[in-house]
Amino acid sequence: MGISGVYFGIIVGMLLSGWLATHFGWESIFYVFGTASLIWCFAWFAIVRDSPDRDPWITKNEKDFILNSFKDYGQRRMKTPWLAIFTSMPVYAVSVAHFAYSYGYYTLLTELPYYMRHIVNFDLETSGFVSAIPYILLIALLFPSGYLADWFQIKNILSTSQVRKFFNNVSFFAQMVFLLLAAYFTNKIHIVICISLSIGLGAFSMSGFLANTLDIAPQFSSIVLGISNTIATLPGLIAPIVTGFILDPNTPVRFNSLHF
């Protein structure tokens, strides 16, 4: 649900940004989403509690269920095996896959609206709506891809390791193919379809590298994912720089419309 929430936020942002910029100026985008973030923060501090037994809105049955589920685990406090984590090849494999996914994700996230506006020639308002379509498809495929991955394991068609490798590699390969095809099409509809499939099929990789942290370190999956996600955040800095250089190595680095 956390992943789908992130992509839902992206969709809302893209849907509204073009409309806000067209009707109220580009400054309105920052005012609207900045205010929404503040409202969210206040709501979070007011509603969220540290544990179920401190939550005044939770039902007794739900509270008892959650606390009993973690009773045995809470009695076994394990020391974090930092050396084993940082010398584990599976941890680095997950991190590399996460980095690769994020590189394409951040490249498209930062450049897609610009591409739709200046290359495919959609107007500003339309480009925002069109740029949201791939992420709508991504959310739509998140849940069925997860159920399909579980179905393969439950039916003993594929082992857990095979599911992770199959879903991850098929997803990455399909993303590459459709993104390359988009570069050769000139029809707007064909381009949007290819880009939408390229981003949308990334949902299947969530049952690959992302779920793999629970397989290799179930007790410390949050730590492994934290390390992996830190490495996967680096493309947010690198991808716009590399993209700007590839597009025009003689111009300053471009982060969307900002120049340095």
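**Entry 1: α8 and α10**

I looked up which residues of α8 meet α10. On the α8 side I listed Thr-160, Arg-164, Asn-168 and Phe-172. Their partners in α10 are Phe-209, Ala-211, Asn-212 and Asp-215. I note that this is a predicted model.

Next I sorted this contact by class. I found three nonpolar, three polar and two charged residues between α8 and α10.

Then I checked the geometry. Helix α10 spans residues 209–216. The axes of α8 and α10 come within 9 Å and cross at roughly 160°. Angles over 145 degrees count as roughly antiparallel, so α8 is roughly antiparallel to α10. I also noted the hand: α8 passes α10 in a left-handed crossing.

**Entry 2: α8 and α9**

I stayed with α8 and turned to α9. The axes of these two helices come within 8 Å, and they cross at roughly 160°. That angle makes α8 roughly antiparallel to α9. I recorded the crossing of α8 and α9 as left-handed.

Which residues make the contact? From α8 I wrote down Gln-175, Phe-178, Leu-179, Leu-181 and Ala-182. From α9 I wrote down Ile-191, Cys-194, Ile-195, Leu-197, Ser-198 and Ile-199. By class, I have nine nonpolar and two polar residues here, and no charged ones.

**Entry 3: α6 and α11**

I moved on to α6 and helix α11, which covers residues 221–233. Their axes come within 8 Å and cross at roughly 40°.

I listed the contact residues of α6: Val-91, Val-94, Ser-95, His-98, Phe-99, Ser-102 and Tyr-106. Those of α11 are Val-224, Leu-225, Ser-228, Asn-229, Ile-231, Ala-232 and Thr-233. The contact of α6 with α11 holds eight nonpolar and six polar residues. I found no charged residues in it.

**Entry 4: the second largest pocket**

I counted 27 lining residues, and the closest to the pocket centre are Gly-104, Thr-107, Leu-108, Glu-111 and Leu-179.

The largest share comes from α6, with 11 residues.

I finished with the classes. The lining of this pocket divides into 21 nonpolar residues, five polar and one charged.

Technical notes
Residues are numbered from 1 along each chain as its sequence is written. This is a predicted model: local features need pLDDT of at least 70, side-chain atom pairs count only at pLDDT 80 or more; totals for chains, interfaces and linings use all residues. Side-chain values use heavy atoms; hydrogens and water are left out. On a 1 Å grid over the protein atoms alone, a cavity is a set of points where a 1.4 Å probe fits but cannot get out, and a pocket is an open set with protein on both sides within 12 Å along at least five of seven lines; lining residues have an atom within 4 Å of a point. Helices (H or I, at least four residues) and strands (E, at least two) are DSSP runs, numbered from the N terminus. Ala, Val, Leu, Ile, Met, Phe, Trp, Tyr, Cys and Pro count as nonpolar, Asp, Glu, Lys and Arg as charged, and the others, Gly among them, as polar. Axes are lines fitted to C-alpha atoms, for helices over the stretch in contact, and angles run from 0 to 180 degrees between N-to-C directions. Angles under 35 degrees count as roughly parallel, over 145 as roughly antiparallel, 65 to 115 as roughly perpendicular and the rest as oblique. A crossing is left-handed if the near helix is turned anticlockwise from the far one by less than a right angle, and right-handed if clockwise. Contact means heavy atoms within 4.5 Å.
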